[in-house]
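Q: Please give me a close look at a single part of this structure. Begin with its contacts, then widen the view.

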Protein chains: 2
Amino acid sequence: MGEIVFVGLGLHDDTGISLRGLEEVKTADNVFLELYTNLLPGFSLDRLKQVSKKKINVVSRRDLEDENGKVVLDAGRVGKAVLLVPGDPLIATTHVALRIEAEKRKIKTRVIHGASIFSAVIGLSGLHSYKFGKSVTIPFPDETPSDTPYTVIVQNKSLGLHTLCLLDIKTEQQRYLTIQMSLNALLQTARHKKKKELTVNTLTVGIARAGSNDPTVKAGLLKDVLEYDFGLPPYSLIFPGKLHFTEAEALVVLAGAPEKLRMETE
Amino acid sequence: MGEIVFVGLGLHDDTGISLRGLEEVKTADNVFLELYTNLLPGFSLDRLKQVSKKKINVVSRRDLEDENGKVVLDAGRVGKAVLLVPGDPLIATTHVALRIEAEKRKIKTRVIHGASIFSAVIGLSGLHSYKFGKSVTIPFPDETPSDTPYTVIVQNKSLGLHTLCLLDIKTEQQRYLTIQMSLNALLQTARHKKKKELTVNTLTVGIARAGSNDPTVKAGLLKDVLEYDFGLPPYSLIFPGKLHFTEAEALVVLAGAPEKLRMETE
């Protein structure tokens with residue numbers, strides 16, 4: 001009988017897939033690929049076709065969300081269907097929904113994990129992973145202005161915890177929220193609330209192109225990160241909470257934070 | 001000049017490495033491998049040697065921690081050194097320390113990410129990743145009893161957030177803290193504190209062998225998860241906070257939680 005295998009593409013390009021993931025592609029009856037839930041800037045469909053020697057069907061948000069993944073479910077009923085997904089495959093809720101739908105229809109599912117932006121960005125920052133609180137996505141301020149990111153950052157900070165912020169992307173329109181726009185939106189919220197928990201002097205870490213060969217990681221005061229040139233997307237932000245001295249060391253050595261940060265640790 | 005490339009092995013065995021990671025191994029002057037920070041139950045050094053056609057030097061905790069990674073730093077000064085690491089390579093603090101040391105000595109570093117237990121377990125549970133609060137490792141209760149896991153779970157719950165608990169492992173001694181031992185230790189802490197925030201009726205998710213082809217994910221009341229046979233390690237636990245109805249659906253369909261959980265959502 002059939003099955004659906006969710007395979008993570010990992011980060012940045014078509015070489016982020018694991019050996020096990022590639023093997024699943026090679027032995028599939030039907031291969032599907034979505035590239036809209038996350039940006040893989042260096043991805044080449046031709047190279048992946050070449051290395052896997054397979055026909056690969058690109059599926060859209062419409063196929064997976066509006067039509068509830070019908071094309072993948074149909075293929076998974078009669079044979080082995082592989083769905084290739086940027087990052088780690090079950091982090092986007094739309095793929096969890098598809099997995100639930102498949103299991104309800106008695107179609108077996110398996111998952112081949114891939115590198116995720118969550119652990120990649122945390123690792124690149126050098127901050128301790130267990131000190132991250134709730135994470136948050138910063139939406140485009142012109143489309144869906146929201147106080148939530150500000151509230152999450154302030155709540156985590158009050159608990160001494162770090163906050164990972166993913167910045168919204170609209171892959172179909174090739175629109176990527178920038179670090180500058182995100183920081184301006186957060187400052188705007190702070191002004192609106194007449195609060196001082198987040199200011200131009202708040203310690204901020206900006207990350208661009210995590211998972212590529214030339215990621216940029218820059219730590220400093222918010223006003224300095226705001227003016228820093230991060231180059232091409234995708235982007236993330238971290239607002240550190242209380243720092244252990246090894247974390248301050250990491251931000252100074254690996255992310256160019258000011259030396260005086262070493263004085264401000266636990 | 002030289003460089004050190006940290007390459008993630010991903011999860012479970014020697015096929016979790018990415019195509020890019022394998023390419024780095026193939027083109028390295030020296031390849032090192034550590035297998036003590038995490039358990040890869042199906043890992044075969046022989047298979048990895050065969051597929052990479054390289055000599056691979058296994059390094060111990062002693063090499064990396066007591067001797068501060070001297071063997072890797074020495075190799076990275078004169079050529080391209082690759083350090084293979086279970087999971088995503090900069091999640092363990094010991095590798096961040098090595099990276100800092102290298103950069104201080106003007107040895108360039110790069111990172112090839114791998115699948116991490118963090119996003120894998122979160123994905124397998126079907127719970128929303130942005131609703132996880134601070135995570136915590138549960139230590140062996142007979143060696144380092146600690147109230148911290150209990151405190152973290154209760155704090156996250158009070159904020160409506162989920163808690164991911166990693167269970168301690170001693171790879172050198174092949175000792176793996178079990179789900180049963182962990183839950184008993186948490187109940188012990190609750191009794192000790194005379195608190196009722198965590199009881200035999202608390203919703204609990206146990207996960208075994210994330211990243212393998214046959215992971216076990218079981219959700220239910222703590223007392224039921226306590227008696228469930230999870231099979232071989234490694235293990236993780238999740239204590240859910242407030243559930244969205246799609247999260248309850250995921251726990252029921254994907255993890256065998258009782259149907260009545262659907263009634264207890266936001």
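A: In chain A, A:P149, A:Y150, A:T151 and A:I153 of helix α7(A) meet A:L186, A:T189, A:A190 and A:K193 of helix α8(A), where contact means heavy atoms within 4.5 Å. Five nonpolar, two polar and one charged residues make up this contact of α7(A) with α8(A) (Ala, Val, Leu, Ile, Met, Phe, Trp, Tyr, Cys and Pro count as nonpolar, Asp, Glu, Lys and Arg as charged, and the others, Gly among them, as polar).

This is a predicted model, in which local features need pLDDT of at least 70 and side-chain atom pairs count only at pLDDT 80 or more, while totals for chains, interfaces and linings use all residues. Residues are numbered from 1 along each chain as its sequence is written, chains are lettered from A and ligands numbered from 1 in the order written, and side-chain values use heavy atoms, with hydrogens and water left out.

Helix α7 covers residues 148–158 of chain A and helix α8 residues 179–193; helices (H or I, at least four residues) and strands (E, at least two) are DSSP runs numbered from the N terminus. Their axes come within 9 Å and cross at roughly 80°. The axes are lines fitted to C-alpha atoms, for helices over the stretch in contact, with angles from 0 to 180 degrees between N-to-C directions. α7(A) and α8(A) are therefore roughly perpendicular (65 to 115 degrees).

The side chain of A:D142 forms a salt bridge with A:R175 at 3.3 Å, N to O; the term requires a side-chain nitrogen of Lys or Arg within 4 Å of a carboxyl oxygen of Asp or Glu. Over all chains, the whole structure has 40 salt bridges.

Between chain A and chain B the count is four salt bridges. One pair joining the two chains is A:K104 with B:E249, at 2.5 Å, N to O. In all, 51 residues of chain A are in contact with 51 residues of chain B. The buried area, meaning accessible area (1.4 Å probe) that two parts lose on being put together, summed over both, is about 4,200 Å² here, and carbon and sulfur atoms give 62% of it. On the chain A side, A:L19, A:R20 and A:H113 lose the most area to chain B, together 16% of what that side buries.

Methods:
Angles under 35 degrees count as roughly parallel, over 145 as roughly antiparallel, 65 to 115 as roughly perpendicular and the rest as oblique.
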